[in-house]
Amino acid sequence: SYTPADLLTIANASCGMGALFVCLDYLAEGDRRAPWAAFLLLPLALVCDALDGYVARRHRRESALGGDLDSLADIISFGVAPAALAFTLGMRGAWDMLVLTYFVVCGVSRLARFNVTAAALSDAATGKVKYFEGTPIPTSIA
C-alpha cells in the first residue's frame, strides 16, 4: 500500500519521465517549446522530492519501500532526465556522452551507497540522516 509520501515520490518520478518524453519529442518533432517544458518539470520534481520526506516524517510512515522508491525516482528526475536534456540541447559528441554517462553512474552509485548506510547515519529521534556522504543528486538541478 502506498502512503501519501510515496505518491509524492511517484509524482517526482513522473516529472522526470515527463522531462524525458518532451526531450524525445523535441528530437523527433523539433517542437522548440519541449526543452522549456523539461526545464519546468525538473524543479517541480525537486518540490515533490522535498515534500515526500517531509510528509513521511510528519505522518511517521517512513519505510524501506519509500526510501528505495525515492532513490529510484531521484535517479530518473535528477540523473537521467538532466542528462537527456543536456543531450537534447547539444551535448552529442562522444566525450559529451561519456561525461553524461559518468554523471548518471555517479548518481546511481551515490544513491546506492546512501541506501546502504542510511540506517547507520540517521538520527534516532527524527529518523532523518544527519549528514550526507557525497553530493545529494537533487543538486543536479543547479
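Modeller: A crossing of two helices is left-handed if the near helix is turned anticlockwise from the far one by less than a right angle, and right-handed if the turn is clockwise, where helices are DSSP runs of H or I with at least four residues, numbered from the N terminus. By that rule the crossing of α2 and α3 is left-handed. The structure is a predicted model in which local features need pLDDT of at least 70 and side-chain atom pairs count only at pLDDT 80 or more, while totals for chains, interfaces and linings use all residues. Residues are numbered from 1 along each chain as its sequence is written, and side-chain values use heavy atoms, with hydrogens and water left out.

Biologist: How close do the axes of α2 and α3 come, and at what angle do they cross?

Modeller: The axes of α2 (residues 34-58) and α3 come within 11 Å and cross at roughly 160 degrees, each axis being a line fitted to C-alpha atoms over the stretch in contact, with angles from 0 to 180 degrees between N-to-C directions.

Biologist: What makes α2 roughly antiparallel to α3?

Modeller: Angles over 145 degrees count as roughly antiparallel, those under 35 as roughly parallel, 65 to 115 as roughly perpendicular and the rest as oblique. The angle of roughly 160 degrees therefore makes α2 roughly antiparallel to α3.

Biologist: Which residues of α2 and α3 make the contact?

Modeller: Contact means heavy atoms within 4.5 Å. On the α2 side the residues are Pro35, Ala38, Phe39, Leu42, Ala45, Leu46, Asp49 and Asp52, and on the α3 side they are Asp70, Asp74, Ser77, Phe78, Ala81, Pro82 and Leu85. They divide into 10 nonpolar, one polar and four charged, with Ala, Val, Leu, Ile, Met, Phe, Trp, Tyr, Cys and Pro taken as nonpolar, Asp, Glu, Lys and Arg as charged, and the others, Gly among them, as polar.

Biologist: How do you know that Ser77 is buried?

Modeller: A residue is buried under 20% relative accessible area, exposed over 50% and partly exposed in between, for a 1.4 Å probe and protein chains only. Ser77, which lies in α3 (residues 64-88), has a relative accessible area of 0% and is therefore called buried. With residues up to four places away in sequence not counted, Ser77 touches Asn12, Ala13, Gly16, Leu42, Ala45 and Pro82.

Biologist: Why is Ala45 called buried, and what is it in contact with?

Modeller: Ala45, in helix α2, also has a relative accessible area of 0%, so the label is buried. Leaving aside neighbours within four places in sequence, Ala45 is in contact with Asn12, Cys15, Ser77 and Phe78.

Biologist: What makes Pro35 buried?

Modeller: Pro35, in helix α2, has a relative accessible area of 7%, and so Pro35 counts as buried. Pro35 touches Tyr26, Leu85 and Leu89, again not counting residues up to four places away in sequence.

Biologist: How many aromatic pairs does the count come to?

Modeller: Rings of Phe, Tyr and Trp (its six-membered ring) pair if their centres lie within 6.5 Å, and planes under 30 degrees apart count as stacked, over 60 as edge-to-face and the rest as tilted. The count comes to one aromatic pair. The ring centres of Trp36 and Phe39 are 5.8 Å apart and their planes stand at 45 degrees, so the pair is tilted. Both residues lie in α2, three residues apart, about one turn of the helix.

Biologist: What is the angle at which the axes of α1 and α2 cross?

Modeller: The axes of α1 (residues 4-29) and α2 come within 8 Å and cross at roughly 170 degrees. That angle makes α1 roughly antiparallel to α2, and α1 passes α2 in a left-handed crossing. The contact of α1 with α2 has 21 nonpolar, three polar and two charged residues.

Biologist: Why are α1 and α3 called roughly parallel to each other?

Modeller: The axes of α1 and α3 come within 9 Å and cross at roughly 20 degrees, and α1 and α3 are therefore roughly parallel to each other. Their crossing is left-handed, and the contact of α1 with α3 has 18 nonpolar, six polar and three charged residues.

Notes:
Helix = DSSP H or I, 4+ residues; strand = E, 2+ residues; numbered from the N terminus.
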